[in-house]
Amino acid sequence: MQRRDFLLAAGQTAAAGLLATAVSHHGHVRAATTERKIKVGQIGTAHAHAGGKMDALRKLTDQYEVVGVVEPDAALREAAMRQAVYRGLRWMTEEELLNTPGLQAVAVETAVRDLIPTAARCVAAGMHLHLDKPAGASLPAFKKVLDEAARQKLTIQMGYMFRNNPAFQFCFRAVREGWLGEVFEVHAVISKKDPDSQRLRLAEFSGGSMFELGCHVIDATVAVMGRPERVTPFLRRTRPDLDTLADNTLAVLEYPRATCTVRSSLIEFEGGQRRQFVVCGDKGTIDIRPLEPPKLLLALETPREPFRRGYQEVPLPKMPGRYDDQLAELAKIIRGEMEHPYPPAHDLAVQETVLLASGMPVD
């Protein structure tokens with residue numbers, strides 16, 4: 001699997017710490033459009049990231065024209081209409097949105113159970129997608145959507161929020177260029193503490209926290225290591241008297257000469273502060289902790305300009321927003337200005353690994 005190319009700024013300051021350029025030899029480049037602004041709509045407001053995605057789309061006024069939003073559930077629609085991020089938008093049916101003249105892209109932000117059926121309808125209508133995660137509970141259904149999008153030369157961008165995080169981009173570049181030597185260990189943790197009111201919703205899928213949260217760092221682990229040879233899940237329920245939610249989870253991903261662990265819980269106080277992604281090789285280590293806003297420590301056996309031997313903090317540029325860079329990248333892909341850095345084979349390997357790590361079937 002090809003890795004992304006990155007350019008490291010020579011400066012020592014945080015503002016000039018890292019410049020990332022996404023380059024890939026996978027996927028399709030569509031012919032450039034004559035219109036710079038991409039007409040986009042959103043289907044669904046139920047996903048945890050729905051409001052954040054709409055906020056980013058509306059901020060990127062030089063990239064997107066938001067034509068409307070779809071929410072068939074009356075209660076969810078009324079709740080969304082009270083949020084500032086949706087103020088002034090046109091509320092439409094899915095049929096109205098998909099038949100909007102000039103529409104090119106849709107952000108699919110439904111409840112997880114509805115993501116893939118909705119994506120399939122959008123692809124059938126010829127739309128590029130920003131598809132939130134995880135990609136449903138059926139691997140064959142997801143593969144069918146990926147295959148149809150590829151046949152139509154449409155882009156599907158998965159909503160994994162660390163792909164454009166500068167710390168992860170630095171990590172992917174360092175691994176690809178051999179800075180860390182042979183990677184023998186990845187240790188990832190992504191947890192939080194959810195209120196009781198959220199537990200029943202999250203218990204819908206047996207994978208629990210691994211399925212809901214762990215998928216983000218599984219995406220990054222597969223970006224570093226590729227598809228694992230074997231995945232062993234460990235799902236624990238700390239409150240079986242209350243519900244069936246797997247709220248304390250661990251997965252071990254096995255490779256020929258490496259092991260990777262992914263931990264995700266929904267019961268850790270201030271869990272966001274201890275979220276981490278650590279990659280260890282025989283010539284160096286990268287330790288990202290916390291993940292947002294990112295802080296990165298780099299250990300090198302051999303100096304790499306401008307970095308010295310030993311442990312040091314790497315200055316990182318400030319992110320404009322969690323989703324801004326990713327959605328700006330999608331506009332470039334749609335306009336034919338760059339190739340998609342995450343090809344369908346990567347997304348399929350990630351989803352297979354997510355399901356296995358969640359103790360869920362893949363057939």
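Visitor: Two strands pair if DSSP finds at least two bridges between them; in what sense do E3 and E4 pair, and over how many bridges?

Guide: E3 and E4 pair in the parallel sense, over six bridges. Within this pairing, Ile38 stands opposite Tyr64 in E4. The labels follow DSSP runs numbered from the N terminus, with helices (H or I) of at least four residues and strands (E) of at least two.

Visitor: What kind of model is this?

Guide: This is a predicted model, in which local features need pLDDT of at least 70, side-chain atom pairs count only at pLDDT 80 or more, and totals for chains, interfaces and linings use all residues. Residues are numbered from 1 along each chain as its sequence is written, and side-chain values use heavy atoms, with hydrogens and water left out.

Visitor: What pLDDT does the chain average?

Guide: The average pLDDT (the predictor's confidence in each residue, from 0 to 100) is 91, and 90% of the residues score at least 70. Residues 1-34, however, have a pLDDT below 50. Beyond near neighbours in sequence, that stretch has 94 contacts in the model, where contact means heavy atoms within 4.5 Å. Where pLDDT is low, the predicted coordinates should not be read in detail.

Visitor: How many helices and strands does the chain have?

Guide: The chain has ten helices and 16 strands. Its C-alpha atoms fill a box of roughly 60 × 55 × 35 Å along the principal axes.

Visitor: What share of the residues is buried?

Guide: Buried residues make up 55% of the 363 residues in the chain. Buried means under 20% relative accessible area, exposed means over 50%, and partly exposed lies in between (1.4 Å probe, protein chains only). As for contacts between residues at least 6 apart in sequence, 71% join residues at least 24 apart.

Visitor: Back to E3 and E4: in what order do the strands of their sheet come?

Guide: The order is E5-E4-E3-E6-E7-E8, an open sheet of six strands with parallel pairing. Strand E5 (91-92) and strand E8 (156-158) are the edge strands, each pairing on one side only. Helix H4 (residues 112-124) packs on this sheet, where it touches E3, E6, E7 and E8. The direction of H4 makes about 165° with that of E7; axes are lines fitted to C-alpha atoms, for helices over the stretch in contact, and angles run from 0 to 180 degrees between N-to-C directions.

Visitor: Is Ile116 buried or exposed?

Guide: Ile116, found in helix H4, counts as buried at 8% relative accessibility. Leaving aside neighbours within four places in sequence, its contacts are Leu131, Ala135, Gly136, Ala141, Phe142 and Val145. Ile116 and Ala135 are 19 residues apart in sequence, with their C-alpha atoms 6.5 Å apart in space.

Visitor: And helix H1, which of its residues are buried?

Guide: In H1 (residues 50-59), the buried residues are Ala50, Lys53, Met54, Ala56 and Leu57. Seen down the axis of H1, they fall within an arc of 160°, so they line one face of the helix; the arc is that of the directions from the helix axis to the C-beta atoms. They pack against strand E3 (38-43), strand E4 (64-70), strand E6 (105-108), strand E7 (128-131) and helix H9 (324-334).

Visitor: What does Lys59 contact?

Guide: Beyond its neighbours within four places in sequence, Lys59 is in contact with Pro320 and Asp324. Lys59 also belongs to helix H1 and is partly exposed, with a relative accessible area of 42%.

Visitor: New topic: which strands form the sheet of eight?

Guide: That open sheet has the order E10-E11-E12-E9-E13-E14-E15-E16, with mixed pairing. Its edge strands, each pairing on one side only, are strand E10 (230-236) and strand E16 (310-314). On average, neighbouring strands of this sheet are turned by 10° against each other, direction ignored.

Visitor: How does E15 pair with E16?

Guide: Strand E15 (residues 296-300) and E16 pair in the antiparallel sense over five bridges. The bridge partner of Ala299 in E16 is Tyr311, and that of Leu296 is Val314. E14 and E15 also run antiparallel, joined by five bridges, and Ile286 stands opposite Leu298 in E15. Four of the five residues of E15 are buried, so this strand is largely enclosed by the rest of the structure.

Methods. Two strands pair if DSSP finds at least two bridges between them.
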